[in-house]
Amino acid sequence: MNRRNFLTYAAILGGSATAQGCTAWQAIGTQPGRRNNALSRELHADVIVLGGGVGGCATAMACCRNGLSVIMTEETDWIGGQLSQQGVPPDEHQWIETHGAPLSYREFRNRVRDYYRQNYPLTEAARNRGNLNPGDGSVSRICHEPGVAVSVLTDMLAPYLSSGKLRILLNCKPKSSDVAGDKVLHIEAINTVSGDSIILTGDTFVDATECGDLLPLTGTEYVTGTESKNETKELHAPEKADPKNNQAFTVCFAMDYQPGKDNVQDPPKKYKFWRNYIPQMTPAWSGKLLDLTYSDPRTLRPKRLGFDPTGKELGGVLNLWNYRRIINKDNFIPGSYDGDITIVNWPQNDFFPGNMIDVPEQEFQKDVERAKQLSHSLFYWLQTEAPREDGGMGWRGLRLRGDIMGTEDGMAKYPYIRESRRIRAEFTVLEEHVGAENRRLVAGDVEGKRAAKFHDSVGIGYYHIDLHPSSNGINYVDFPSLPFEIPLGALLPQRMSNLLPANKNIGTTHITNGCYRLHPVEWSIGESVGQLIAFAKKTNIPFRAVREHKNRLADFQQMLNKQGIETQWP
């Protein structure tokens with residue numbers, strides 16, 4: 001097995017392909033360092049990236065491409081975040097095939113397609129389709145398996161792993177920090193399997209964790225939950241702030257369908273609770289959560305959905321089976337698949353009655369388990385009680401595909417996190433900058449047709465403002481936004497000098513997080529952060545100085561453009 005394939009295989013298996021007898025620290029691209037009697041050791045790199053999700057991987061690529069050394073940690077045994085361990089096919093805008101995301105993100109998408117062409121028994125028609133969508137899921141132009149994202153990301157990082165510029169530590173979670181004034185000196189991380197600790201030192205630290213875990217560990221100022229209208233003047237902000245009101249999270253799962261088979265097992269232990277659960281929402285939810293009716297995100301009126309695992313169209317009603325389908329059997333040579341494979345990330349398995357931000361670890365894990373029970377219950381309900389068009393109930397041939405998610409219980413390795421801690425930034429993106437209605441109110445009918453232009457733009461993105469029901473019972477908040485820019489000021493903490501965000505933890509509000517939280521925008525943030533670190537090191541100036549001086553900012557934006565970052569919409 002050559003090195004490239006070995007690294008990919010090791011990443012997918014969480015390091016289990018490595019030689020027996022290695023230390024408890026699973027690392028890709030590095031040999032274990034010496035450890036003291038306390039089972040701790042120290043590693044150093046120019047940049048320490050905590051979190052191996054979409055933003056973390058993009059940061060690492062940009063730093064390594066520009067000559068910096070990087071250590072990247074990952075709490076699970078899969079890199080890729082939303083794309084892989086959370087099992088969420090990319091949510092993207094309609095222009096994604098040609099523009100509106102970094103060149104490196106579009107390269108990732110093309111490599112996914114090539115991965116299927118090189119390794120899968122595609123039909124000739126599918127193989128020759130330029131914009132191949134393996135699952136033909138309606139949510140995205142490229143719905144694919146989570147494990148393929150791990151393989152492709154590992155291949156993209158392989159040259160840096162091979163050269164020693166990059167080290168990836170799997171099953172590794174930040175535990176504590178050493179901070180002097182406005183500077184992080186080191187982060188202590190812990191191996192979640194063995195309990196061993198490691199000290200990570202570097203010049204710059206990047207918080208690419210899913211929940212902004214580094215912010216409280218380092219004393220970096222941050223906000224959570226919902227700001228009040230008095231604070232932000234946002235059109236859709238509530239009158240009263242609520243720091244504990246965060247969007248629902250979801251434990252996703254994959255399933256396929258075997259007609260004629262009975263895959264039903266015992267009901268989940270909390271099935272009775274979830275079968276009868278009615279979300280307590282303002283405005284009110286449509287009824288029971290386990291139902292094919294839900295609250296329409298825009299109108300909040302009851303809206304009907306459909307479900308049929310044969311994939312057929314259901315007369316104008318969305319067939320949830322097709323929504324996040326990651327394998328369409330018709331794209332592959334007959335006999336390759338018994339049926340399609342789909343991902344379940346639906347309104348019915350959003351977990352509302354728990355807040356994951358700024359809670360003790362024990363409570364965090366307890367709510368993850370509760371969310372898994374909800375997802376297991378939804379699956380059992382689909383098998384046994386979901387109404388069918390033919391008047392029957394349930395689809396007993398449904399089967400959990402834990403192998404697709406890389407788990408034994410069939411659930412994703414990590415919950416899909418929609419809202420994180422957010423830095424108190426040099427500049428905060430408000431609804432008036434990107435929300436279609438609020439923008440018109442402050443800029444007028446003409447200027448209000450475009451999102452605010454930021455002189456310090458370091459990227460672009462687009463998604464509607466999509467806030468799922470929240471932990472304190474606020475129903476959907478969903479309304480149009482405008483194609484927007486990513487301001488450098490939103491990536492700069494107000495006080496800390498060598499810590500940067502690279503996930504959903506940038507300077508947005510609860511409302512604007514709703515359009516800055518999706519896959520291509522997170523990648524854009526990570527790419528820009530990585531290039532900022534490289535530019536600041538090369539020019540020997542602090543991060544804030546890049547933004548504060550017109551000529552330096554122009555030079556940095558030119559660097560971004562040359563390396564495939566669009567900073568303005570056409």
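First, some ground rules. The model is predicted, so local features need pLDDT of at least 70 and side-chain atom pairs count only at pLDDT 80 or more, while totals for chains, interfaces and linings use all residues. Residues are numbered from 1 along each chain as its sequence is written, and side-chain values use heavy atoms, with hydrogens and water left out.

Let's start with the charges. Side chains of opposite charge can pair when their charged atoms come close. How many salt bridges does a search of the whole structure find? The search gives 38, where a salt bridge means a side-chain nitrogen of Lys or Arg within 4 Å of a carboxyl oxygen of Asp or Glu.

One of them pairs Lys504 with Glu210, at 3.3 Å from N to O. These two sit 294 residues apart and link distant parts of the chain: Lys504 is in the loop between strand S22 (499-501) and helix H14 (513-516), and Glu210 is in the loop between strand S7 (197-207) and helix H6 (214-218). Helices here are DSSP runs of H or I with at least four residues, strands are runs of E with at least two, and both are numbered from the N terminus. Are the two partners buried or exposed? Lys504 is buried, with a relative accessible area of 2%, and Glu210 is buried too, at 7%. For these labels, buried means under 20% relative accessible area, exposed means over 50%, and partly exposed is in between (1.4 Å probe, protein chains only).

Next comes Arg275, whose side chain meets that of Glu385 in a salt bridge of 2.7 Å, N to O. Arg275 lies in helix H8 (residues 271-275) and Glu385 in the loop between helix H10 (361-384) and strand S16 (398-400), so this pair ties together parts that are 110 residues apart in sequence. Arg275 is partly exposed at 31%, whereas Glu385 is buried at 18%.

A further bridge joins Arg547 and Asp456, with the closest N and O atoms 2.6 Å apart. Arg547 is in helix H16 (residues 543-548) and Asp456 in the loop between helix H13 (436-447) and strand S18 (457-461), so parts 91 residues apart in sequence are tied together. Both residues are buried.

Now for the backbone. Most residues other than glycine have a negative phi, and most peptide bonds are trans. Where is there a cis peptide bond? Look between Thr282 and Pro283, where omega is about -10°. Pro283 is in the loop between H8 and strand S11 (293-295).

Leu235 is partly exposed, at 32%.
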